[in-house]
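Hello,

Here is the structure for you to look through. My notes follow below it.

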Amino acid sequence: MTSHLSTCRPSTVVRVEAAAPAHNQCKNAREEANSSSVSCRMQQEQLTNGVVARDFLHISGGAIQNRHFYSLPGGIMGILSPWTYQKVAAKMILSLLLLHIATIQALPQGAPTTVCQTLRPYHGGGIPAQAGLPPYSIAPRLQGAGVQVSVGSNLGVRFQGFMLQARTQAGEVLGSFQVPSGTEGHTIDCAEPGDTLTHNSPSDKDLLSVIWVPPQGYEGPVVFNSTVAQNYNTFWVGIESPTIQISKRDTAQNGFARDPFYRGCRTNKYCFGAPAGCIDSENCQAAVAVSVNDGNFDFEMKASSEAVWVGAGLSNDNKMGDDSVIECVRSNDGRGVDAFMSWTSRAPFAATRLSNPRLGIQLLNATVSEDGMYCKVRRNTVTVVNGVTFDLNRNAFYVLIGAGSELKGVNSVGFHNLAFLVSPQPESLSGNPSAVLPNRPDMTTPPYYVPEVHTEASSNSDPFYEGCGVNKLCFGAPTDCVKTRNCKAVTAVIVNGDTYDFELKANGNAAWVGVGLSDDDKMGQDSVIECVKSGSRIVPYMSWTTAKPYTAQRLSNPRLGIELINASIVDDSIYCKVRRNAMTTVNGVTFDLISNEYNLLVASGSTVEDNSVGFHNLVFLASARAQALSDISELEAASKLLIRLHGSFMLAAWIGTASLGMLLARYYRQTWVGSTMMGKDLWFAWHRTLMVLTWCFTMVAFVLIFVELKAWSAENNPHAILGTVTTILCFFQPIGAYFRPHPGTSKRSLFNWAHWLIGNAAHIIAIVTLFFAVKLTKAELPVFVDYILVVYVVVHVISHLALSLMNCLSEKSLESKITSFPMKDMSGSGRGSAYGERSMDAPFATGRKLVLGLYIVIIVLLTVALIVVTALAPIESTLNSIIPASMKSN
């Protein structure tokens, strides 16, 4: 008979027979423990050194002496002698005790490699993982040559343990983790060194943020998989991140990954780089490292391959201006590097070399390679620059790092268009804890920094789009323009920690460009950053939009929570970079960029009013969904289906069906005489069918545009008013036709005139309305649509003239009164001409049929062309996305 174990707390174990019914096991345990206050729970059997410890019960409340029972495989326990059994039992107890101690000591220090594939903890002998939705999530974000991975809870639920891996779609573990100092975690080796991350201790944690580096040359999707333990008994297994795409460009050695430049950072030298956090991921665009060697201060600087200069400045504040800067500049041939000392000024910004450009510095080493430029410069401990003493031993400084791709004349570097960042607090480069900011003489420049607006020639390659979808979120108008890099207005959001930088750009001689944060895809109740052209400079503002009526009014504090970092005017384009606080409260609404998701609205216009921008007459587009600004995945534009359908239905109605229906009623009453359809004359049957379609198309289009806009159009364009007049006339026209008097009655002539007048008025106003529609921002129609409409008008007029001429000739040749239009018989008698007996077609019937055939073909082609352009608007961007690049090049 197989034996079971019952363990009582504290340290109490009693034997329970397997043959006993399951519900009696706890009862038997209580009896043996001589206690009625015993609680029991079952656990699974374990195999230890070939000895089976069968199902056992944890019992609390008992107080009996410990007795352990084991059975050996094959049921041999019954044949062991008592002395042999005691020896075996003692060894087994010792083994189990050591194993238990080892397990308890290992888990608080992280997961073992034995669970690399399953990620499943073996807590308490087999506590199951939680089956519900986890309160934790994994957020990966591409950052340079690596991926920043954050594990945490949006609900604020802390966690104690974790195990994190990156896996391919096939489930293979890959890459390695870089753990910043102070992080509660360390790596273990599952498939490759450092490919798995786990906790150091079971202390409570709010957030885990590390850098994961993909294998060299890897390209493909990656999913981060994790087990997160809230505590010992509560954990979730297999939490997955959104899939992130790794490209070879991300894994290429285009940054400084695994670069010896970073060795010793935070241990024996001070390091700082841009963008923020790049020292940990070793992928800075520009970086400086300061080390002290035998009392000498050595500044090492490095920048990406595009840079022609890199500089490190020492400042007493966190703004550019009145700073001492060491510059490393490429020589004219691009193969050498020289070092200079310069001084920055404010308003306007300038970085001018000193009269003695090598004051207190000595170039020790410099290289230029395909990876970038590097220099090492020794700076005197004490230097006096522009009356300011810089004592590197006694003073602390804000450190500024910048890099650019151009020079400004022969005595200054150009703008820091590649990288720029200021340290968040003053740094003691000597490690002196009592270092203080240097005292400075009174400065004539203001205590703020106004970036210089650079006006320069344009370039075929626009650097604005570099990094879109890689390390910044980009969204522009018209739709899909970010892919083709030809946006009329575009914004990019760059997130570094809790710093949110908004880049905006617009062309087409825009006077302003703006980006709004909204909780829907409609304008109204939104917080907007505007960059407005003011002469030769760009001024940023914060504004608030309302929908009924539309306004975009600046706040009473128009720079609430924003700071202009950079701005430029290039040809007909304006550009700005604005830093916005992670949390701002505008009109009682809190905008939390870290925790909340927003729709992006981007717009630009050509006019500016006194306290607001003008209408976005150049471009406007809203994103289809709300998205976290730190999420760099592609952001789709809001659907414009209803607008496209509105335009298509109106074109089909007034270019297509109305034109044909009215032509038939006017000129073809005496054509196809005797032919009928549905019991009516052929001309009348087709006229009625076409005009009913016109009415249906118009009514549907009118409803669709109000469903889309939910308000009257805010554009300064008569299209909306003229369209409403057309719709009203169209609505009542068939109602009047239904109640028309019978031929021969006194009121028939009045109906004839009214029907003719309303029909022609509606058609003429509709065509004029279509011309105005081409100028609408939301329509996004190209200019050539005007020419297509002009062609329609010419064809329509020529057709009417030709048919009128044929009818005149027909009347003269037969000396009869064949009317040239149906309203000519205003007597109401019902007699239209000498052909009233309808026995034969009027003369020139063949010519009229030929004109009608040509008219139908041309009208159908023009209508189809206009509908295609409208439905696929903006047609240029749509064609660029449809036509393969190979076909374009051919």
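Buried means under 20% relative accessible area, exposed over 50%, and partly exposed in between (1.4 Å probe, protein chains only). By that scale Trp672 is partly exposed, at 27% relative accessibility. Tyr668 is buried, at 0%.

This is a predicted model: local features need pLDDT of at least 70, side-chain atom pairs count only at pLDDT 80 or more, and totals for chains, interfaces and linings use all residues. Numbering runs from 1 along each chain as its sequence is written, and side-chain values use heavy atoms, without hydrogens or water.

Aromatic pairs next. Rings of Phe, Tyr and Trp (its six-membered ring) pair if their centres lie within 6.5 Å; planes under 30 degrees apart are stacked, over 60 edge-to-face, the rest tilted. The whole structure holds 20 such pairs. Tyr668 and Trp672 are stacked, because their planes lie at 25° with centres 6.0 Å apart. Ring pairs also join Tyr136, Phe159, Phe162 and Trp236 in a cluster.

Two charges sit over rings (NZ of Lys or CZ of Arg within 6 Å of the ring centre and within 35 degrees of the ring normal). Lys472 lies over Phe464, 5.1 Å from the ring centre. Arg580 lies over Phe591, at 5.6 Å.

Best wishes
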